[in-house]
Amino acid sequence: MAGFLNSIRRFWNNITTSGAAGILSMEQKRRVVFLNSIDLAGMFILLAFSVVNYRDNKLLIAASLLSAFFILFFALIYMRIKKKFVLSGYIVVITIFFLFLFLLYTGGVEKSYSLWIQTFPLVAIFILGLRPGLIATGLYFIGISCLVFIPQAAQVEYGFSFGVRVIGSFILVFFFALFYENIRSQTQETLEKLSSDLLAAKKQTDSIMAHVDEGIFLLDSTLNIGSEYSRELEKIFGIKNLENRSLLNLLEKKIDEKIFSATKDYLDMFFKPTINIQLLEEINPLDRVELHFVESDFGFITKYLEFTFAPIISEEKTGNILCTVKDITEEIELAKKLKAQETRTKKQMEQLFQIINVDPAMLNEFILDAESELENINTLLKSDEKDYNLIINSIYQSVHAIKGNALLLGLSHTSKKLHGIEDEISEVREKELSWNELLKFTIRLSEIKNEINDVKDLVERVLAFRSNKDVKKIVQKDLLINAVERTINVLSKERNIEVNLVTDNFNSKAVTAKYRKVVKDILIQLTRNSLAHGIEEPKVRSSLAKEKVGTIIISSAVEDGKFTLSFKDDGRGLNAHTIKEKAKSIEAFKNMDFDGMTDQRVLSLIFHPRFSTAKETTFAAGRGIGLNLIKATVEKNGGSLKVRSARGKFCEFVITLPL
Amino acid sequence: MDIKYIDPFIKATVNVFDEFFNVLPEVQKPYLLDKDEEHEWDVSAIIGIAGEAKGAVVISFPAELASILTSRLTGKTVREIDEDVVDTIGEVVNIVAGNAKKGLEEYRLMISLPSIVRGKNHKIAWPGKNAPVIAIPFKSVLGEFNLSVILENIIA
């Protein structure tokens, strides 16, 4: 039923607005609708009366009514097609003009046509407008006056007193039509002016909303976004048509869950009767908020937004919340980048100063060594090895070796970091190790890799500045001896001792590529040992009638498919008594039977992973893993290690490796 | 990279396998994964992470295991890595992510829906430049799979 009524209404609207398309003025539109309505109503009435009169055998009247019907029908069609409003208006009014005069002339049943004709002023004035309507009504007035008052002018006799009543009521209708049209057109004018003012104001608001670089919008009590909001808001959220969208829905899953639930409570507070505006300003959870927009592939785009909320209070109640939102991502990112860059630059400058004086070839060597250490550990991690303690110890040894090399080159930043990691491992390696600890140290390894990569970048940049000639000259130097020299330089300064290095019988070319790193590690570790524990201070040496300057002799030999390396210093030598005393104080050795031990057995304790005779662990020595590391490496390669020593005179390590 | 962000993913993975496939996977030793390293995985699901740490968690499966898991869940016989397998792996990893989310509640972290990469030795667009990837292998009676993590701490 409702659907049927609706389609009738639509049909009616369609007919009555015939020819109204493209007309902007409301006044004109209304006139068109009125014209069409009168036209249609007239057509129905005319058709009906024409049929009635035909039945009553009043053929002339029936015919004239029918022709009037066709004229009106034509006017409607003409209006619909040609959209000539004024012309079809005249057609309708003139048709009615003559039709009514004709009807008055014929009189009708009981002179009833005199009633119909009263409606003319309404039709004429509303359709044609005030002035032409008045002229038409004036002419009509003359016409009906003549028909009513002049005897025999019409087919029926109206008589004077009946005529006065007809004319009187006509004048009354006329004046009402006049007043109504006057008032209506005035109202219309005001309305049109008002709406054009509003339109202009709306245009300005729209222009502001389209161009302001902040999201501005209103929230209603259900926290939905109002119809008027700035375009920037769509840009910020990357969504069109935000009208009636819930702000909370837009934020959900993009901001932190805690902040999200705080926001929900916060916005609800605006609509509570006890509202403290200042407090609300202070506790705004979206004051500065991170939004993570999920990207199509994977990952996020992060935006930083700044929201402000202000209640719009009317009748002592919050009606809406006025909200602004600003995208401050660029500022934040810039500040972050700047800060990161600053830290990075500072670190790089430090490292740069450290590496600029070091031979690039040695740095390259350092990087290659470090990378191979990490690679070895990674291979171990990938293997089936299940002994976590063994793995952690290997990590420790690698970190230790890399640290030693870093220290040697004066890369204090890197060595400090490695030292820190060593400390971390020291804390746990006595204990039962969990998988979590293994993961933790794998993460540490990744950090070391990062650190090495940084150094690598820096070295490449430094090398780019240096000429090729320089680099060649440096490469030609003996890198093994160079490394030992450097160790001596760094450590002898630290302990205020003097050491003379003799390498006349050392042939670095005899060291095969396979053993290059092994030999280098051994030499550096033994040098460090010697400078930390072996060679005495000049004063002590003098009192022992020794040369003030200590001596380290490194020699090598190749015999029977074996490579032999000897490292000898003229320091205090190994002291079985001191070693025993020291060993007794070590927790790990507490169950040992020291009294029954031979000197040889006591000396071998220095290769134990827990042994160290330096009084404090310094950066350079005293971690105790060094000699153990050497022994393990040598044995892994199928070689052997011997130590010979005379108390107060010398200490010599002889390493044999199969070729 | 902080272990506290990785732990919930490991626990969630074990839980989900236990609950859905009745299999307790065993965590193997972690190692450093070279971004260009060749691998044996055929399907990977990537979960993006943002907030106080930024990066990705990736769970990778060989074709055989992915097929077994799919048959177990859907009841169909699977012959190749088709849309069904991709959907199933996506769903499994989605459950892992949802599970892990509970353990991450106290941190300001957002995790994305998983997206799937497939193909022999497929390339994963790891975020971050120099930062190495930590690979955590899992062993189970159904087969081996791998969880890889790359995270950069935003707040130190």
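Helix axes here are lines fitted to C-alpha atoms, over the stretch in contact, and angles run from 0 to 180 degrees between N-to-C directions. Helices (H or I, at least four residues) and strands (E, at least two) are DSSP runs, numbered from the N terminus. Keep in mind that this is a predicted model, where local features need pLDDT of at least 70, side-chain atom pairs count only at pLDDT 80 or more, and totals for chains, interfaces and linings use all residues. Residues are numbered from 1 along each chain as its sequence is written, while chains are lettered from A and ligands numbered from 1 in the order in which they are written.

**A helix pair in chain A**

Let's start with H15(A), residues 388-408, and H17(A), residues 435-465: their axes come within 11 Å and cross at roughly 20°. The two helices are therefore roughly parallel to each other (angles under 35 degrees count as such). The crossing is left-handed, that is, the near helix is turned anticlockwise from the far one by less than a right angle.

Who does the touching? On the H15(A) side you'll find Tyr388(A), Ile391(A), Ile392(A), Ile395(A) and Ile402(A), and they meet Leu438(A), Phe441(A), Leu445(A) and Ile448(A) of H17(A). Contact means C-beta atoms, placed from the backbone, within 7 Å. By class, that contact has nine nonpolar, no polar and no charged residues. Here Ala, Val, Leu, Ile, Met, Phe, Trp, Tyr, Cys and Pro count as nonpolar, Asp, Glu, Lys and Arg as charged, and the others, Gly among them, as polar.

H17(A) also passes a length check: its 31 residues should span 45 Å at 1.5 Å a residue, and its end C-alpha atoms are 46 Å apart, which agrees. The expected span is 1.5 Å times one less than the number of residues. Buried residues of H17(A) include Phe441(A), Leu445(A), Ile448(A), Lys449(A) and Glu451(A). A residue is buried if 20 or more other C-beta atoms lie within 10 Å of its own, exposed if 12 or fewer, and partly exposed in between.

**Where the chains meet**

Across the interface, 22 residues of chain B are in contact with 23 residues of chain A. S3(B) gives the largest share of chain B's side, four residues. That side divides into 15 nonpolar, five polar and two charged residues.

Most residues other than glycine have a negative phi. Here are two that go the other way.

Note on methods
Parallel < 35°, antiparallel > 145°, perpendicular 65-115°, else oblique. Contact = placed C-beta atoms within 7 Å.
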